[in-house]
Amino acid sequence: MAYKNQYAILTKGLTKQYGQALAVNGLDLSIEPGRFYGLLGPNGAGKSTTIHMLTTMTSASSGEAWISGREVKRYPVQTRAAVGLVFQDSALDRMMTVDENLQFAAALYNLNKQQAEQRISELLSVFGLEKKRHQKLVALSGGQRRAVDIARGVLHKPQVLFLDEPTIGLDLPNRRAIWRFIEQLRKDEGMTVFLTTHYLEEAEACDHVDFIQKGQLQKGGAPKKLIKNLAAYMLEIDCADTEMVSQQMRPQFGEPLWEDQHLTYRIQDKETDFYRLQKTLGNAVNAMQWRKPNLNDVYLWTVCPPDYGVVT
Amino acid sequence: MTHMLAVKAVVARELTKVFRQRARLISAMVRPMIWLLVIGSGVGSMLQGEQQAGYLSFLVPGIVAMTLLFAALLSALTLVYDKEFGVMRMMLIAPIPHYLIVIAKLIAAAITAMVQAILLLVILTVMGLIDVQVALWLLLPALATAVCCAAIGGLIAAWSKTLDNFAVIMNFFIFPVFFLSGALYPVNQLPDMLKYVVLINPFSYGVDLMKHVVPTANSDFSIMTDITVLVVFSVMAISIACWRFSRESVHEPLFHRATGKK
């Protein structure tokens, strides 16, 4: 069983069934320590259920999971000691102060007064919240509350930190700030981070991403590599007669992603002459733009059209 | 015990919250006084001279028990309250067995109930309804009753998924448990049907145990019976509540609602 210790997270055929519905279907994951892993997918794809199974918040219907070599099902308390979980919405007590909340959480993690004091000061200074320490949570902004939530999740220096949509509902500056904190924590403490998000651009910092849809995992890879492998350029065309334009395009560019009057093509050839193409299509198009691909494109081309298969 | 700190923290959080809400403490004192004065004097006025004074002191154990019942049940309600407001997840994700959350909450419920009972006993002593010695002797049976009431609360809370649900159950439990307990009248004189209900109500035995201490109140059962019923019921109820709470299916609605799915 030694090899199970090599992984921060290891699952074999992990499945969760609610009645007839398969929320997560036969998940196989192997994530090495210190990695920044992203599980991406639409709402209701099974991301949160996966996290809840890995953190003992719900039990798997079948399959097995290990966190840092511990069998999750058999050792729930030890598993919880090894993981930190930042829930999608706050788990903090709004009527208590930042300090009271964190002191309470610290005691739940069996940190004594002195350890708690030191750790809370340390984390609040990372998050720039020292001044808010003795304020009630209701007095904090959404971004600050989220930061306190994350601080709560890492008080006990977990080996694996689960972040379930950590930036959901936050505005852009706050989302950026939260990501800086997470990056800082990863650098300082070397913890494995398991992230779910549907803001895909945020997942580009991950070492590895996989996609999940309707409980089914689709293997991804390193975001940079996925993006590079997807295409050299993405070409978007707005046109009235999509049928005609797509026919014209097919021999050279293959099949597009089709959304109403909007066609998106993967362009593999770096030397493609877009100006000539523009001339050829002429009045048939309303708008046309080409750009570098990003993780959103990988996601769309991987998860959405079943007939396009898995991007390698 | 490695989880001592966590249990202490849950208890301390509860007590901090209770004592911050002064209004709740005061209203907890007003309720029994109203009962004592309104019911005591009202019903008492139908009785003749000597019995009238007797009825007031007969009510003392019942009134103390009522305070314990309300305080312990409301405190056990925080098990549901914390689920409703998401704070429960902070405890569920902590590296402690989940049954300890129930134990800690019920310890807090019993302590809260005892604090209110002690306050009430001080008031009753000052009013001259009982003497100091009786008040002190009442502490032990009050503690047994507090634990029993916390156990009832734990049992109800373990089965309630939302606060509304709990409110309904409170009305279906708290009043019947109180009225059908011998807190307001002697059990022996009740009609058979009612008497059986009183006999299966564990709270009756807490009230009765306190009646043993108050000289003017006649008890219905032996001290041994009272203690046995209270201990057996409390142990069983707390065990069932712990077992029930440890089953994750109890919390699944919490996570599904929290994540806005299913």
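## Conventions

Helices (H or I, at least four residues) and strands (E, at least two) are DSSP runs, numbered from the N terminus. The model is predicted: local features need pLDDT of at least 70 and side-chain atom pairs count only at pLDDT 80 or more, whereas totals for chains, interfaces and linings use all residues. Residues are numbered from 1 along each chain as its sequence is written, while chains are lettered from A and ligands numbered from 1 in the order in which they are written.

## Chain A: overall architecture

Chain A contains 10 helices and 14 strands. Along the principal axes, its C-alpha atoms occupy a box of roughly 75 × 45 × 35 Å. A residue is called buried if 20 or more other C-beta atoms lie within 10 Å of its own, exposed if 12 or fewer, and partly exposed in between, with C-beta atoms placed from the backbone. By this criterion, 42% of the 312 residues of chain A are buried. Two residues are in contact if their C-beta atoms, placed from the backbone, lie within 7 Å. Of the contacts in chain A with a separation of 6 or more, 70% join residues 24 or more positions apart.

Two domains are assigned in chain A, domain 1 (33-57 + 76-222) and domain 2 (232-292); such bounds come from an automatic or database domain assignment. Their C-alpha centres are 41 Å apart. Separately, an unreviewed UniProt entry places the feature "domain: ABC transporter" at residues 9-239 of chain A. UniProt positions are given in the numbering used here, feature names are shortened, and annotations may be inferred rather than shown by experiment. The chain over residues 9-239 of chain A is 34% helix and 29% strand, and the end C-alpha atoms lie 47 Å apart.

## Chain A: local features

Most residues other than glycine have a negative phi, and most peptide bonds are trans. A:Ser68 has a positive phi of about 45 degrees although it is not a glycine. A:Ser68 sits in the loop between β4 (62-67) and β5 (70-71) of chain A, and it counts as buried because 20 C-beta neighbours lie inside 10 Å. A:Asp260, also not a glycine, has a positive phi of about 50 degrees.

Helix α8 (residues 242-253) of chain A spans only 14 Å between its end C-alpha atoms, whereas a straight helix of 12 residues would span 16 Å at 1.5 Å a residue. The expected span of a helix is 1.5 Å times one less than its number of residues. Among the 12 residues of α8(A), the count of buried residues is 1. A:Gly254 follows α8(A) and has a positive phi, near 75 degrees. Elsewhere, A:Pro173 lies in helix α6 (residues 172-189) of chain A and is exposed, with 9 other C-beta atoms within 10 Å.

## Chain B: a helical chain

Chain B has 12 helices and 0 strands. Its radius of gyration is 19 Å, close to the 18 Å that the globule rule gives for 262 residues, so chain B is as compact as a globular protein of that length. The radius is taken over C-alpha atoms, and the globule rule is 2.2 Å times the number of residues to the power 0.38. Buried residues make up 48% of chain B.

An unreviewed UniProt entry places the feature "transmembrane region" at several spans of chain B, among them residues 25-47 and 136-159. Residues 25-47 of chain B are 87% helix and 0% strand, with end C-alpha atoms 33 Å apart. Residues 136-159 of chain B are 100% helix and 0% strand, and their end C-alpha atoms lie 36 Å apart. Helix α2 (residues 22-44) of chain B has 23 residues and reaches 32 Å from its first C-alpha to its last, close to the 33 Å expected at 1.5 Å a residue. The buried residues of α2(B) are B:Ala28, B:Pro32, B:Leu36 and B:Gly40. An α-helix has 3.6 residues a turn, so residues three or four places apart point the same way.

## Contact between the chains

The contact takes 25 residues from chain A and 24 residues from chain B. On the side of chain B that touches chain A, the elements giving two or more residues are α1 (4-20), α5 (88-92) and α12 (252-258) of chain B. The largest share of that side, 5 residues, comes from α1(B).

By class, the side of chain B that touches chain A has 14 nonpolar, 3 polar and 7 charged residues. Here Ala, Val, Leu, Ile, Met, Phe, Trp, Tyr, Cys and Pro count as nonpolar, Asp, Glu, Lys and Arg as charged, and the others, Gly among them, as polar.
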